[in-house]
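Biologist: Can you take me through the side-chain packing here? Cores and aromatics, please.
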Amino acid sequence: ISACLVGSEMCIRDSPEAIRKMFSTGFAPCTLLSVPLFHVSGCYAAFLLNLRAGRKTVMMYKWSAEDALALIEKERVTIFSAVPSMVVDLLRHPKFKTTDTTSLFSIGGGGTACPPSFKSTISENLGDAYVGTGYGMTETTGVVSLNSKDRAQVGSVGEPLPDTEVRIADNGEVLVRGDHVFAGYWRKPEKTAEDIRDGWLHTGDVGRLEDGMLTITGRLKDIIITAGGKNITPAEIESRMKFSPYISDAVVIGDPVSYTHLRAHETGRNL
């Protein structure tokens, strides 16, 4: 839970005006917990953090944008964080405009790459909301980096937490080192030795560091190597597709059979 606590301190440190504005509304901090407790984001980043802070927590049995809106209005929810698709689902629901969401101040997205329209969709529907995104995994106690500054880049998952080291390997893989990184897998020494080498956790995620900001572009095992020798990640293709106003969501999945079929019918043009 230490990583989550440090993350909260970063938000307070880097956005004092936003935090001050939230408390000036008169609504007591209240979190809508809409993700499963068997995931680190639900158990650590939300439930245990709220428990330690003594913050009111409203829990959902399963996700429903309509039910979530009703709870936000009834319980005066101030904080909502989930995977980006759930946040967009909530904001684009037909009943959003007719629901009293004046208490909702903080919106967060994580667990997967945020689409380019994520922040703009929030701004269009909740102009005064404090928007946050981040990156983490179970092996890092939930959080590695957080977007808590206005300088955050589009698609970025923010800057690494204090005392958290992040570097990019030659193959593009994101490596993490810090006190909050787990000691190892339960009764799986071979897997532990495979994922933790020289003190660095090999996340399996592909990304880049620019001006201290981390961007996740995909998973190492999902990299597509074109006939021209270029590396492309499904997340990059999805991100481009989501720029279109005619596409609400997109998922790109590699198909080795189709790829082999295409290679067999090449006409000298790179795929």
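This is a predicted model: local features need pLDDT of at least 70, side-chain atom pairs count only at pLDDT 80 or more; totals for chains, interfaces and linings use all residues.

Biologist: Which residues touch the most other members of the largest nonpolar core?
Modeller: Leu32, Phe80, Ile107 and Ile122, out of 26 residues in that core. A nonpolar core here is a set of buried Ala, Val, Leu, Ile, Met, Phe, Trp, Tyr and Cys residues joined through side-chain atoms within 4.5 Å. Buried means under 20% relative accessible area, exposed over 50%, partly exposed in between (1.4 Å probe, protein chains only).

Biologist: How many aromatic pairs in the whole structure?
Modeller: Two. Rings of Phe, Tyr and Trp (its six-membered ring) pair if their centres lie within 6.5 Å; planes under 30 degrees apart count as stacked, over 60 as edge-to-face and the rest as tilted. Trp63 and Phe80 have ring centres 5.8 Å apart and planes at 15 degrees, so they are stacked.

Biologist: Are those two buried or partly exposed?
Modeller: Phe80 is buried, at 0% relative accessibility. Trp63 is partly exposed, at 24%.

Biologist: And what about Phe182 and Tyr185?
Modeller: That pair is edge-to-face, 4.8 Å centre to centre with 75 degrees between the planes. Phe182 counts as buried at 18% relative accessibility, and Tyr185 is partly exposed at 24%.

Key. Residues are numbered from 1 along each chain as its sequence is written. Side-chain values use heavy atoms; hydrogens and water are left out.
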